[in-house]
Amino acid sequence: MNSLQILRPVTLVSACCLLSLAAFGAGSKADQYPVDQNAVIMAAKRLAAAPFAPTSGTLPAGLDTLRADQYRDIHFADTASIWRTDPLHFRLGLLPAGFYFKSPVTISLVDKGVSHSVATAPDMFELGPSVPTQFSRTALPLSGFSLSAKPASSRKVWDEFIRFQGASYFRALAEGQIYGLSARGLAVNTAEPVGEEFPAFTQFWIEKPLPNVTSIVVHALLDSPSVSGAYRFTIQPGSDTIVDVDATLFARTPLRALGIAPLTSMFLYDETDRLRRDDYRTEVHDSDGLQITTASGEPLWRPLANPAQLQISAFTTEAPQGFGLVQRSRSPQDFQDLYSQYERRPSVWVEPKSDWGPGAVELVEIPSSRETNDNITAFWRPTDVVVPGKPWHFAYRLTWTAQPKSPKGMGRVLATRVGNSSVGNRRVYMIDFTGAGEKVEGLRLDLGASAGKISNLSIASNPSIHGFRVGFELAPNNADVIELRLRVLLNDKPVTETWLYRWTAS
């Protein structure tokens with residue numbers, strides 16, 4: 001599901017007054033207890049020592065059957081904005097349960113190390129005309145929360161920059177962007193025959209920041225049939241939004257197919273595949289490629305695909321310097337979609353901050369006929385099995401940005417175009433590189449294919465992009481799958497990132 005089609009970003013605008021902690025059900029001393037990272041880790045350990053018990057809680061009748069438009073018509077009231085009257089850099093909004101979000105979560109505020117649980121009241125949400133009137137008298141359960149801050153370009157407007165909602169999903173924005181791809185706390189058994197398991201954040205503790213502090217800390221408790229976990233998010237909004245993740249897992253059963261730092265996105269089509277498309281738009285995607293910087297520093301670029309059959313690809317055997325799902329198409333002319341504005345979707349870059357051990361960056365591409373389906377997943381898959389009985393710790397940084405940094409002077413792929421050749425059963429490839437100049441004298445193509453035959457190699461200056469274009473033709477012959485690899489060399493040294501591509505017969 002591409003949740004952008006279900007939920008539009010909510011901007012919490014200034015209004016009246018902040019509700020007191022007592023209004024959130026924090027008046028009872030039994031509801032107040034100390035919380036820090038170690039306390040959440042111990043809670044996760046206790047959970048894992050017991051059989052899995054699904055989150056209890058029943059939604060008010062009819063809330064789980066709301067249509068998408070009805071759910072979009074429920075808004076957290078500006079007057080209920082948490083920390084509204086405090087001199088802080090942040091405001092907190094609450095998200096109701098309902099529609100797809102049927103599992104209530106517990107949200108607590110932490111002030112000076114002491115937790116106070118949040119309880120809702122009927123007047124905390126504004127209901128539009130499409131919402132049944134019965135819910136105007138209901139204290140709606142919660143499915144997550146959002147955080148807002150003032151961008152550097154404005155002193156008056158509060159912009160939402162992150163939201164946690166649904167299983168272990170969360171989404172963030174850099175300045176000037178709109179929501180696109182999502183991150184998750186953990187992936188379990190993705191694309192495995194046994195079926196995927198979706199761990200969920202069941203409880204959040206949000207630390208009230210001090211005045212003049214520009215980052216905020218969120219703790220979360222994760223649970224599922226096979227694993228529990230304690231997460232600490234340190235979130236810094238800005239021109240780029242940075243989320244530092246520190247997690248400790250406790251397995252209930254041996255975990256053989258984990259996905260660490262999973263990213264989930266949507267790719268319907270671009271210039272590489274328009275054969276099955278009857279659409280006025282030239283491209284439709286939240287991300288158009290997987291970018292990796294290997295442990296040795298080699299930059300890789302793999303354009304995404306919407307395959308006819310499920311595809312799983314693995315890259316590297318050592319933890320990379322970084323990887324991410326990236327949106328390189330940044331012009332409205334790339335999409336011709338005034339509503340979706342895919343050119344404004346964020347890229348996300350993952351950097352390990354602990355020893356991840358051996359494994360691989362794994363890319364899963366799922367066939368999809370709708371842009372409302374998130375059909376792309378990328379994550380780090382450890383080789384080692386996580387076993388019950390001992391904690392397993394990892395840490396990483398997520399940077400939500402327009403474009404992750406590339407090595408200076410190293411050309412990067414701007415576009416990949418694929419089409420039919422006029423001669424025989426061949427495919428024509430045109431790859432545009434930018435960032436390494438326009439001159440092509442002395443450049444050499446290092447191009448390989450796992451099968452088939454390559455011909456008609458060319459390289460030409462492309463002044464329109466201040467770069468150059470590489471072209472070739474591929475005759476697949478009788479192959480079902482062909483892996484292509486290309487880089488441009490000068491004096492046997494690469495001047496571009498390495499372009500990777502998978503051709504399939506279907």
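I counted salt bridges first, and the structure holds 21 of them. I take a salt bridge as a side-chain nitrogen of Lys or Arg within 4 Å of a carboxyl oxygen of Asp or Glu. This is a predicted model, in which local features need pLDDT of at least 70 and side-chain atom pairs count only at pLDDT 80 or more, while totals for chains, interfaces and linings use all residues. Residues are numbered from 1 along each chain as its sequence is written, and side-chain values use heavy atoms, with hydrogens and water left out.

**Entry: D244 and R397.** I looked up this pair and found a salt bridge between the side chains of D244 and R397, at 2.7 Å from N to O. D244 sits in strand β15 and R397 in strand β26 (residues 392-401), so I note a link between distant parts of the chain, 153 residues apart. Strands here are DSSP runs (E, at least two residues), numbered from the N terminus. D244 is partly exposed at a relative accessible area of 24%, and R397 is also listed as partly exposed, at 27%. The classes I use are buried under 20% relative accessible area, exposed over 50%, and partly exposed in between (1.4 Å probe, protein chains only).

**Entry: D446 and R487.** I found the side chains of D446 and R487 in a salt bridge, 2.9 Å from N to O. D446 belongs to strand β29 (residues 443-449) and R487 to strand β32 (residues 481-490), so the pair ties together parts 41 residues apart in sequence. D446 is partly exposed at 30%, and R487 is partly exposed at 26%.

**Entry: E483 and R502.** I then checked E483, which forms a salt bridge with R502; their closest N and O atoms are 2.7 Å apart. E483 is in strand β32 and R502 in strand β34 (residues 498-504), so parts 19 residues apart in sequence are tied together by this pair. E483 is partly exposed at 34%, whereas R502 counts as buried at 19%.

**Entry: the network at E371.** I found D279, R281, D337 and E371 linked in a network of salt bridges. E371 lies in the loop between β24 (359-365) and β25 (376-382). E371 is buried, with a relative accessible area of 17%. Its side chain makes a polar contact with the side chain of Y342 at 2.3 Å. For a polar contact I require a pair of N or O atoms within 3.5 Å; within protein, one must be able to donate a hydrogen and the other to accept it, and residues adjacent in sequence count only if both atoms are side-chain atoms.

**Entry: nonpolar cores.** I looked up the largest nonpolar core, which has 82 residues, with Y231, F233 and L398 having the most contacts inside it. Strand β15 (residues 241-251) gives the most to this core, with five residues. A second, separate core has 24 residues, among them V470, L474, I482 and W499. A nonpolar core is a set of buried Ala, Val, Leu, Ile, Met, Phe, Trp, Tyr and Cys residues joined through side-chain atoms within 4.5 Å.

**Entry: F233.** I listed what F233 touches, not counting residues up to four places away in sequence, and the list includes F164, F170, F201, V243, D244 and V245. Contact means heavy atoms within 4.5 Å. D244, in this list, is the salt-bridge partner of R397.

Note on methods
Helices (H or I, at least four residues) and strands (E, at least two) are DSSP runs, numbered from the N terminus.
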